[in-house]
Amino acid sequence: MDGSTREAYGTLNADLIPAGDTTATEGAAKKQRKTNATVQPYFDTEKQEWRCFKKANLLRMA
């Protein structure tokens, strides 16, 4: 938000997400949220939590 950059380490690979941690999928279904095509949810492998980012702000992926 402030224009600074940061590194994030995450995954969408279900094999790398801890068993039972379906917060992003179940939580969204329970709250009946609309899909937002401009935002990408991912599982942060360092914080072991679900996060998201605006796709337009992505600089690069490795």
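This is a predicted model: local features need pLDDT of at least 70, side-chain atom pairs count only at pLDDT 80 or more; totals for chains, interfaces and linings use all residues.
A residue counts as partly exposed when its relative accessible area lies between the limit for buried, under 20%, and the limit for exposed, over 50%. By that scale R51 is partly exposed, because its relative accessible area is 30%.

The overall plan comes first. The protein contains one helix and three strands. Along the sequence these elements follow the pattern β-α-β-β. The protein has 62 residues, and 10% of them count as buried.

The strands can be taken together. They form an open sheet of three strands in the order β1-β2-β3, with antiparallel pairing. In this sheet β1 and β3 are the edge strands, each pairing on one side only. Strands of a sheet pair through backbone hydrogen bonds, either parallel or antiparallel. Between β1 and β2, which run antiparallel, there are two bridges. At one position G10 has D44 in β2 as its bridge partner. Between β2 and β3, also antiparallel, the number of bridges is six. Here Y42 stands opposite R51 in β3.

β2 and β3 make a hairpin, with four residues between them. Q48 lies in this loop between β2 and β3. Its phi is positive, about 55°, although Q48 is not a glycine. Most residues other than glycine have a negative phi, and most peptide bonds are trans. Q48 counts as partly exposed because its relative accessibility is 40%.

From the turn the account passes to side-chain contacts. How many salt bridges does a search of the whole structure find? The search finds one. It joins the side chains of E49 and R51, with 2.9 Å from N to O. This distance meets the cut-off for a salt bridge, because a side-chain nitrogen of Lys or Arg must be within 4 Å of a carboxyl oxygen of Asp or Glu. Side chains of opposite charge can pair when their charged atoms come close. What is the exposure of the two partners, E49 and R51? E49 is partly exposed, because its relative accessible area is 37%, and R51 is partly exposed at 30%.

Y42 counts as buried because its relative accessibility is 7%, whereas F53, at 25%, counts as partly exposed. F43 and W50 also form an aromatic pair, with 5.5 Å centre to centre and 75° between the planes, and this pair is edge-to-face. The angle places the pair in that class because planes over 60 degrees apart count as edge-to-face. F43 has a relative accessibility of 0% and so counts as buried. W50, with a relative accessible area of 21%, is partly exposed.

The next subject is empty space. Rolling a probe the size of a water molecule over the atoms shows where empty space is left. The largest pocket holds about 1,100 Å³ of space. Its lining consists of 24 residues, and R6, A8, F53, L58 and R60 lie nearest the centre of the pocket. β1 (10-11), β2 (39-44) and β3 (49-54) are the elements that give two or more residues to this lining. What kinds of residue make up the lining of the largest pocket? They divide into 12 nonpolar, seven polar and five charged residues.

L59 has its place in the segment after β3. Is L59 buried or exposed? L59 is exposed, because its relative accessible area is 70%. L59 and T5 are 54 residues apart along the chain, and their C-alpha atoms are separated by 8.8 Å.

Methods. Residues are numbered from 1 along each chain as its sequence is written. Side-chain values use heavy atoms; hydrogens and water are left out. On a 1 Å grid over the protein atoms alone, a cavity is a set of points where a 1.4 Å probe fits but cannot get out, and a pocket is an open set with protein on both sides within 12 Å along at least five of seven lines; lining residues have an atom within 4 Å of a point. Grid points are joined across faces, edges and corners, and a volume is the space filled by probe spheres set on the points. Ala, Val, Leu, Ile, Met, Phe, Trp, Tyr, Cys and Pro count as nonpolar, Asp, Glu, Lys and Arg as charged, and the others, Gly among them, as polar. Two strands pair if DSSP finds at least two bridges between them. Buried means under 20% relative accessible area, exposed over 50%, partly exposed in between (1.4 Å probe, protein chains only). Rings of Phe, Tyr and Trp (its six-membered ring) pair if their centres lie within 6.5 Å; planes under 30 degrees apart count as stacked, over 60 as edge-to-face and the rest as tilted.
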